[in-house]
Amino acid sequence: MDSYQITGGKKLQGEITLSGAKNAVLPILAATIITGKESKLDNCPNLSDVKNMTTILRQIGCKVKKENGSIIIDSKDIHTLEIPEKLMREMRSSVFLMGPMIARFGKAILSYPGGCEIGLRPIDIHLSALQQLGVKIKEDHGYLECTAEKLVGNRIALDFPSVGATENTMMAAACAEGETIIVNAAKEPEIIDLQNYLNNIGAQVKGAGTSEIVINGRNSFHDVTHSVISDRIECGTFLAAAAMTGGEILIRNSIPKHMIMTVSKLRETGCKIDEGKDWIYLKAPEKLNSIEIIKTQPYPGFPTDMQSQMLSVLTIAKGTSLIVETIFENRFKQVNNLKSMGAKIVVDGRSAVVTGVESLEGATVSAKDLRGGAALVIAGLGANGTTIVENVCHIDRGYDDFDETLRKLGADIFRV
Ligand code: UD1
């Protein structure tokens, strides 16, 4: 398996342009099933998760073409309503296929996605919402058989503003008879992008970005071209990497209003940050300050997907910081690796207390999950000497040419 070899201590400097957002493109790729027509998705990132999703779409009968950062999917000839277990296991986001398949065909058979590296990740909220639209769900030996003679709109109150459950419900409701109102919906920007895609194909969805989303079902859709929004987590990761190395960076194609919490926490560390309509500039101080508390929360709160990267940054800040992870159970898996690099971190359940040290020392570490892996790269970029980050397949799930972009900024990082 590939590793990154990093020689730390180089200040990141320069300009980069963000890719399309992983968490926007995955549900939208699934949503292309609804149309039975052609969808051209522009600004698609080149990620292993995207590759896995397109493999699934091909396997069920979609025609998929890739062209200069765009993916074109024709979903007319889908010939199976069963998603092979092996593919489900490779990518949790295949759970997004449930809503669109039920919407178009009234049926979906898929294996239970189960837990993953960062937590248990049950799908009870997805299933309950679909049941409220009229879906019958049979569970058998880890398989879920979902059938609906007819989907009927309903008022659905989510127990928790789950991103995936909100998206699955929107996609199923796009074809339900009458009106669906999702109450306590997740408000993430990627949900607005899904709403825009659905409206572009001819669905009627409004309210995404607020806690109440209203969908009026339709039964005919059309071809579409849609451009995926930029990746706010990629943006935050590069800002954090620049902060860690005392660098100066300009990020283009970013959407500053999606970055408010991350930017606010980086400002607390002493970074100078300016922003315009579609760019963010960061200049790091010589020595970073600690942050009193970072508490992850559903959007617009501090994103759980930025927690690990900020933890790395805080390992060399002046003073002690507290990080509280409220979304997933298992998001401190990289901490032992950081400790082997000299970091002082105490984890107690969902909290981590980080006491800044003068500097980290290079070591051989191993990525256990996507963002934790990116966090280890960030640590390596700021450490003295050489760091090897093993298992970069986790990082490939969410960053398009991570090492190449970092090299462009002056980092000494190679894939080996
Ligand atoms: C999405 C993102 C992921 C991000 C997360 C939270 C994608 C592809 N992934 O994941 O990067 O970290 O939002 O911002 O968009 N839960 C339940 N039952 C359910 C659904 C969720 O208990 O049916 C729990 C989860 O276990 C977790 C919390 O709710 O503890 C949040 O999960 P959710 O918002 O659903 O995250 P995902 O959609 O899986």
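1. With three residues, α5 gives the most to the shell around the ligand, where helices are DSSP runs of H or I of at least four residues, strands are E runs of at least two, and both are numbered from the N terminus. The model is predicted, so to speak of local features pLDDT of at least 70 is needed, side-chain atom pairs count only at pLDDT 80 or more, and totals for chains, interfaces and linings use all residues. Residues are numbered from 1 along each chain as its sequence is written, and side-chain values use heavy atoms, with hydrogens and water left out.

2. Of the 19 residues around the ligand, those that come nearest are Asp-124, Ile-125, Ser-162, Asp-305 and Ile-327 (near: a heavy atom within 4 Å). The shell comprises eight nonpolar, six polar and five charged residues, with Gly counted among the polar ones.

3. Ligand oxygen atoms make polar contacts (N or O pairs within 3.5 Å) with the backbone: the distance is 2.5 Å at Ile-327, 2.8 Å at Val-163 and 2.8 Å at Gly-164. The protein buries 87% of the 740 Å² that the ligand exposes when taken alone (Shrake-Rupley areas, 1.4 Å probe).

4. Because domain 1 (3–19 + 230–415) and domain 2 (22–227) both give residues to the shell, the ligand lies between them; the bounds come from an automatic or database domain assignment. Their centres, taken over C-alpha atoms, are separated by 30 Å, and 26 residues of domain 1 are in contact with 19 residues of domain 2 (heavy atoms within 4.5 Å).

Key. A polar contact is a pair of N or O atoms within 3.5 Å; within protein, one must be able to donate a hydrogen and the other to accept it, and residues adjacent in sequence count only if both atoms are side-chain atoms.
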